[in-house]
Amino acid sequence: MKKLSVVILMILCSIQLFAQHTFQLGDSTFLLDGKPFQMISGEIHYLRVPRESWRDRLKMAKAMGLNTIGTYVFWNMHEPEKGQYDFSGNNDVAAFVKIAHEEGLWVVLRPSPYACAEWEFGGYPYWLQNIKGLEVRSKEPQYLAAYNNYIREVGKQLSGLQVNHGGNILMVQIENEYGSYSNDKSYLDINRKMFIDAGFDGLLYTCDPAADVAKGHLPGLLPAVNGIDDPQKVKQLVRENHNGKGPFYIAEWYPAWFDSWGQKHHTIPYENFLDRLDRVLAAGISINMYMFHGGTTRGYMNGANYNDKNPYEPQISSYDYDAPLDEAGNATPKFMKFREVIARHLPAGVTLPEVPAKKPVITTPLITFERSTAVFNKLPAAIKSVDPLTFEDLNQAYGFVLYRTTIPGGHSGLLKIKDLRDYGLVFVNGKRVAILDRRLAQDSVEVTLPAGTVTLDILVENLGRINFGPYLLKNKKGIAGQVLFNGQAIHQWMQFKLPFDVQPAVKPAAAGTDAPVLKEGSFTLSTTGDTYLDMTQWGKGAVWINGHHLGRYWQVGPQQTLYVPAEWLKKGSNKITVLELIKPAANTLQGIDHPILDVLQ
């Protein structure tokens, strides 16, 4: 009898979980099952959170009073190479949406090919740049064909989870802040049709910054507004572009901001936002906090800003964002104060769940690295060319490329690297003679070449493709022009591909005094918890633990630690590998119990 009761309960839960709902646009509010519904939403990007932590983060969202989650879908993670799709593991966006459903949360989906989001290339896969004549965000046929193939694959994963199919996806966004880029309504209509053909047959909407709503809105769809929170202005703007009607949705409300390397860490006091949030909710306007929880941009997935007025600005690995939920998923004072405001606007009789306790943190033993080898000792087969090849020419998405050639020595002159993208270490006969940084507009150095035939090495790091603005298709990496010595082009290059996309094995070998190195070690834990690797004594590079790429570190700051989720640690022995570019003598580090996100060097 007990077993039968359990089965009946499971069936009832399943029926409730996938109950059919309607979600429609009213004249002033959204209508869920015909009744007014106010979205109180927060942005979480599933790819910036370990899959093991998704449910915990969603429970925190409920505890703050959110009823909806917004998330982008990043094309480059789901189709890393043309025609090769991946929706497994941390890429399993359907699983993320279903867990949100189980936790009683609705979802607003943002799957357009272009995301921005401080993400590498704005979410576009690198290989688009290898298709001659392709133009992103346009009606160019090759782009539309690639876009259509991709969005259909996304539709296979997610269209059945829309609210009109029994799921929890309330709305789906087409394009993303298109009005900040162009104003071609026929292109937007092609977007709309492709989404419908991919199975997204529920509510579609556009979102744009306030000043660009008219340019980026497609008539017939709801125009959402980014970046303003004055209720009167929001309502006026939506009505002007939506036949005098609502509902009203602030698709990106910014309680803080992101960080770039070498710049100050952004923090904005919660006091600046409480009255504004209260005013928006009191006006019945729906809102999405960007970000509720930023998480971490792991691997090489950070983007960069660049325009004609400002230098190249790559973003850091931490996407903490000074958000209500910090990088590790803990409630901040901002979280608690926002929760108080939201609680005042809940329907009668609704109470918020208790806020989960702060996650345990640990300090690791001091880690000393037992094995070390120079990166130049671990080279693959060379790819030869007359002039330097870009990452794209080499069919390499991310990481590093070593450029090598030989030139006659015995004289001095100016070595100039045209279009260095983005960070170059220059070596003469194995000795480092310069570091060139695109952020600082550095592309040349005076060098003295010793007598005889000289080996010239240039190790180039892709620091992240531009994710916003007019230069989305001027994003090739490596050396995108010629290398000149005293004005004369240097020819006959060998390129060595060093993507370092998985945790590399380290075979001990002698290293030069200033050559980039790989270091491998281990540390033993009796208990696990979140920790933060203190990289303040190191220079620049990347770290892996137990097969997980934690992201980049760089002494210029502001980020000086790398967050390690407890779920990626284990009792007993843990393997750690560091790729260090500029301080090869560094040999110890430790996990500490707090992040360091505000130190500039």
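Predicted model: local features only at pLDDT ≥ 70, side-chain atom pairs only at ≥ 80, totals over all residues.
Local features need pLDDT of at least 70, side-chain atom pairs need 80 or more, and totals use all residues. Residues are numbered from 1 along each chain as its sequence is written.

Q: How many strands does the protein have?
A: Helices (H or I, at least four residues) and strands (E, at least two) are DSSP runs, numbered from the N terminus. There are 10 helices. The strands number 34.

Q: What share of the contacts with a separation of 6 or more joins residues 24 or more positions apart?
A: A contact means heavy atoms within 4.5 Å. For residues 24 or more positions apart, the share is 80%.

Q: Why is strand E20 described as largely enclosed by the rest of the structure?
A: Buried means under 20% relative accessible area (1.4 Å probe, protein chains only). Tyr423, Leu425 and Phe427 are buried on one side, and Gly424, Val426 and Val428 on the other. Strand E20 is largely enclosed because its buried residues are 6 of 6.

Q: Which residue of E21 is the bridge partner of phenylalanine 427?
A: Two strands pair if DSSP finds at least two bridges between them. E20 and E21 (residues 431-437) run antiparallel, with 6 bridges. The partner of phenylalanine 427 is arginine 432.

Q: Which residue takes a positive phi in the hairpin of E20 and E21?
A: This hairpin has 2 residues between the strands. The phi is near 50°, and the residue is asparagine 429.

Q: Which residue in E23 does valine 426 stand opposite?
A: E23 covers residues 453-461 and runs antiparallel to E20, joined by 6 bridges. Opposite valine 426 stands isoleucine 458.

Key. Heavy atoms only, no water. Buried < 20%, exposed > 50% of the residue type's maximum accessible area, 1.4 Å probe, protein only.
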